[in-house]
Amino acid sequence: MDATNRQLRVLGIAGSLRRESYNRRLLAAAAELAPETMRIDPFDLSAIPLYNGDLDNDEARPEPVRALKDAITAADAVLFVTPEYNHTVPGVLQNAIDWASRPGGKSPLAGKPVGMMGASPGAIGSARAQQQLKIVLFSTLSHLMPHAGIVVYMAGEKFDAYGKLTFEPTRKFITAYLQQLDAWTRRMSAPPVS
Ligand code: FNR
């Protein structure tokens, strides 16, 4: 690896706190399937408190929120893995993005290359939540990679009893997606041509 294909650091954020979460497992599969030029580190949202504007300043910001914002800043890209709750993004994930989105326009998410995927046991596979997440990421001025989407539907049939993603077509799709995210991140991070 040289300077042009140095290993990218991607922060993986799954919007579920459940130990046996399909979306956490999907993120683990992405970390496993990432190209060798990319490393995906998961960030656990369990300790992120509910957003409170009174605490959203440098003196009072809760430590887990500082850690989240620092991790996003340090990462080359962020990979969101969202469940679908009531046809939208779960509060756990929306809340984390709300903290990370301030100050508006200059937050760690502004200009950050971003990918997304999601899983659900149902037939829609989080597609509606991902549509909503696109709107949220438009607001944060993040550079979401254009893509038809990774929608892992009927998730119960795609992971084995140990939580490993075993459904080969989905593994292939994710592998290709992460290669595209690698290229997208490098393109978005490249210095402007003068
Ligand atoms: C759900 N679930 C769900 N699934 C779906 O496909 N569309 C939906 O609108 C909803 N709505 C919804 C609301 C609430 C409050 C819960 C708890 C669940 C089911 C959801 O996809 C399922 O519980 C997943 O397993 C959640 O993701 P994790 O925790 O497995 O990652």
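Leaving aside its neighbours within four places in sequence, which residues is Gln130 in contact with? Before we get there, some ground rules. This is a predicted model, where local features need pLDDT of at least 70 and side-chain atom pairs count only at pLDDT 80 or more, while totals for chains, interfaces and linings use all residues. Residues are numbered from 1 along each chain as its sequence is written, and side-chain values use heavy atoms, with hydrogens and water left out.

Now the answer: Gln130 is in contact (heavy atoms within 4.5 Å) with Thr82, Met116, Met117, Gly118, Gly125, Gly149, Ile150 and Val151. The residue sits in helix α4; helices here are DSSP runs of H or I with at least four residues, strands are runs of E with at least two, and both are numbered from the N terminus. Gln130 has 3% relative accessibility, so it counts as buried. The cut-offs, for a 1.4 Å probe and protein chains only, are under 20% relative accessible area for buried, over 50% for exposed, and in between for partly exposed.

As background, an α-helix has 3.6 residues a turn, so residues three or four places apart point the same way. Just after α4, Leu141 takes a positive phi of about 65°.

Next, look at α2 (residues 63-74) and α3, which pack at an angle of about 75° with their axes 10 Å apart. That makes α2 and α3 roughly perpendicular to each other, a label for angles of 65 to 115 degrees. From α2, Val65, Leu68, Lys69 and Ile72 make the contact, and from α3 it is Ala96, Trp99 and Ala100.

Stay in α2 for Pro64. With 26% relative accessibility, Pro64 counts as partly exposed. Neighbours within four places in sequence aside, Pro64 is in contact with Phe43, Ala47 and Ile48. Ala47 is 17 residues away along the chain, yet the C-alpha atoms of Pro64 and Ala47 are separated by 6.0 Å.

Terms used: Axes are lines fitted to C-alpha atoms, for helices over the stretch in contact, and angles run from 0 to 180 degrees between N-to-C directions. Angles under 35 degrees count as roughly parallel, over 145 as roughly antiparallel, 65 to 115 as roughly perpendicular and the rest as oblique.
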